[in-house]
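The report below works through selected strands, helices and residues of one protein model. Please keep the sequence and the structure in view while reading.

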Amino acid sequence: MKLTVIGTGYLGATHAAAMAELGHDVLGIDTDDLKVKRLNAGEVPFFEPGLPELLRRNLDTGRLRFTTSYDEIGAFGEVHFICVGTPQKKGEYAADLAYVNASVESLLPVLRPGSVVVGKSTVPAGTAARLAESIEAAEGELVWNPEFLREGFAVDDTLRPDRIVMGGHSERAIAKLHQVYEPILSGGTTPCVVTDFATAELVKVAANSFLATKISFINAMAEVCETTGADVIQLAEALSHDTRIGGRFLHAGLGFGGGCLPKDIRAFMARAGELGVDQALSFLKEIDAINLRRRGRMVELAREVCDGSLAGVRVAVLGAAFKPNSDDIRDSPALDVALAVQRSGAAVRVYDPQAMDNARKDFPTLAYVPTALKAAEDADVVLHLTEWQEFREMHPSVLGEVVRERRILDGRNALDRELWRGEGWVYRALGRH
Ligand SMILES: NC(=O)c1ccc[n+]([C@@H]2O[C@H](COP(=O)([O-])OP(=O)(O)OC[C@H]3O[C@@H](n4cnc5c(N)ncnc54)[C@H](O)[C@@H]3O)[C@@H](O)[C@H]2O)c1
């Protein structure tokens, strides 16, 4: 089939390449000229394992290319995927739908009658019903098909999703989307939930709210562990043996960040307020607050191990991305902590295996160095804030040779406490003694 993908960021670039991999002819469009040039040259403008290979392989087959022209995509596609961003509005909790609205406005004049528009961006409930009116007036049809991919696993999640959700009221449009995903659905192992617009929109924000709640739950337990002397890692392990609870997303640490969870739970609360059901989601405010408190606690812990003051202290920050295997720094807990520590008077040096360029662009006041060892040189304390494999594999004796003081704060509870203590380090972590 001939598909277009509108917006080629983390979601859209992955989706475009994956749809070509399934055998479709795909034309991606973005308003960012440089991004389009790089994608056409086989270069992924962000870090995502496996995507460069997938992109190049499909560019080579001729089934995939990118443009900045809406005229071209209108003439090309019978199914158009909307993958543009829906960030948090400045100064508000609500989602900013300006990009979604603009992409639909640009598409409508070139939309061929009978075409299907598929919304993948994360949007507040009610958005699809509103957009459907103008799309149907242009003789097109809309399906909402939320995306659940995880950065770092985006290729696999797109080609082998754990479920596909399709919301809409046109059987023909839903049948078309079934056809698009046929190579995935024909395996018989991927569940497909067909529903209405509002449910499809809600599945995504409900899923993210649940995940955020699980993370904040264990981080709230970590707060209690810190005052009772209990150990949150052992607590989580013991909880995880209850199959009703399970162990995933029950890892205490610095909490969640990124371009999805924080803004999605806030947009969900804002939308609930507009709909008059804000009480139903008031717990999410607490989930957000617990999450943000962990960042503050990390700074406090750094101050504590540095004898009460961070003024003049040299701090090595390991990690800038919001999570490992990504260069995404949107609402990154690591950078938040790095900035707060710097504001407290510390001299901070940051290293991340992939996110340095993005971090440098958005936070030019921090100092960036090319290796973990450079960051740790003469440091009074090392903060482990994003659990990259590289940091988990680091040996304390190697790092111990370059630091001034052997003090490490494990913000991700991912290092071997006994090993570090065995090498003479002061090891502290969130939720454990
Ligand atoms: N990143 C993820 O892991 C992920 C996972 C699931 C869902 N989502 C959702 O997917 C959506 C996109 O997220 P993302 O992380 O890919 O964002 P992103 O900012 O990386 O990408 C958005 C892209 O859209 C482009 N764009 C903006 N306006 C446009 C227009 N009018 N026409 C064409 N292109 C336009 C931008 O230039 C940018 O390249 C969001 O709603 C997000 O919540 C993201």
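## An enclosed strand and its partners

Strand 2 (residues 25-29) is largely enclosed by the rest of the structure, because four of its five residues are buried, where buried means under 20% relative accessible area, exposed over 50% and partly exposed in between, with a 1.4 Å probe and protein chains only. Helices (H or I, at least four residues) and strands (E, at least two) are DSSP runs, numbered from the N terminus. This is a predicted model, in which local features need pLDDT of at least 70 and side-chain atom pairs count only at pLDDT 80 or more, while totals for chains, interfaces and linings use all residues. Residues are numbered from 1 along each chain as its sequence is written, and side-chain values use heavy atoms, with hydrogens and water left out.

Strand 1 (residues 2-6) pairs with strand 2 in the parallel sense over five bridges, two strands being paired if DSSP finds at least two bridges between them. Within this pair, leucine 3 stands opposite valine 26 of strand 2. From strand 1 the chain passes through helix 1 (residues 10-21) to strand 2 in a right-handed β-α-β crossover, that is, with the strands pointing away from the viewer, the path from the first strand over the helix to the second runs clockwise. Strand 2 also pairs with strand 3 (residues 64-67), in the parallel sense over four bridges, and here glycine 28 is opposite phenylalanine 66 of strand 3.

## Packing around helix 10

Helix 10 (residues 197-228) packs against helix 13 (residues 282-305) at an angle of about 50°, with their axes 9 Å apart; axes are lines fitted to C-alpha atoms, for helices over the stretch in contact, and angles run from 0 to 180 degrees between N-to-C directions. The two helices, helix 10 and helix 13, are therefore oblique to each other, since angles under 35 degrees count as roughly parallel, over 145 as roughly antiparallel, 65 to 115 as roughly perpendicular and the rest as oblique. Their crossing is left-handed, meaning that the near helix is turned anticlockwise from the far one by less than a right angle, whereas clockwise would be right-handed.

Six strands form an open sheet with parallel pairing, in the order 11-10-9-12-13-14. Its edge strands, strand 11 (367-368) and strand 14 (426-429), each pair on one side only. Strand 13 (residues 407-410) pairs with strand 14 in the parallel sense over four bridges, and arginine 407 stands opposite valine 426 of strand 14. Helix 14 (residues 333-343) lies across strand 9 (314-318), strand 10 (347-351), strand 11 and strand 12 (381-384), and runs at about 160° to strand 10.

Threonine 127 lies in helix 6 (residues 127-137) and counts as buried at 4% relative accessibility. Leaving aside neighbours within four places in sequence, threonine 127 is in contact with Leu97 and Glu201.

Glycine 253 is found in the loop between helix 11 (232-240) and helix 12 (261-275), and glycine 253 is buried, with a relative accessible area of 4%. Apart from neighbours within four places in sequence, glycine 253 is in contact with Asn219, Arg294, Gly411, Asn413 and Leu430.

Key:
Contact = heavy atoms within 4.5 Å.
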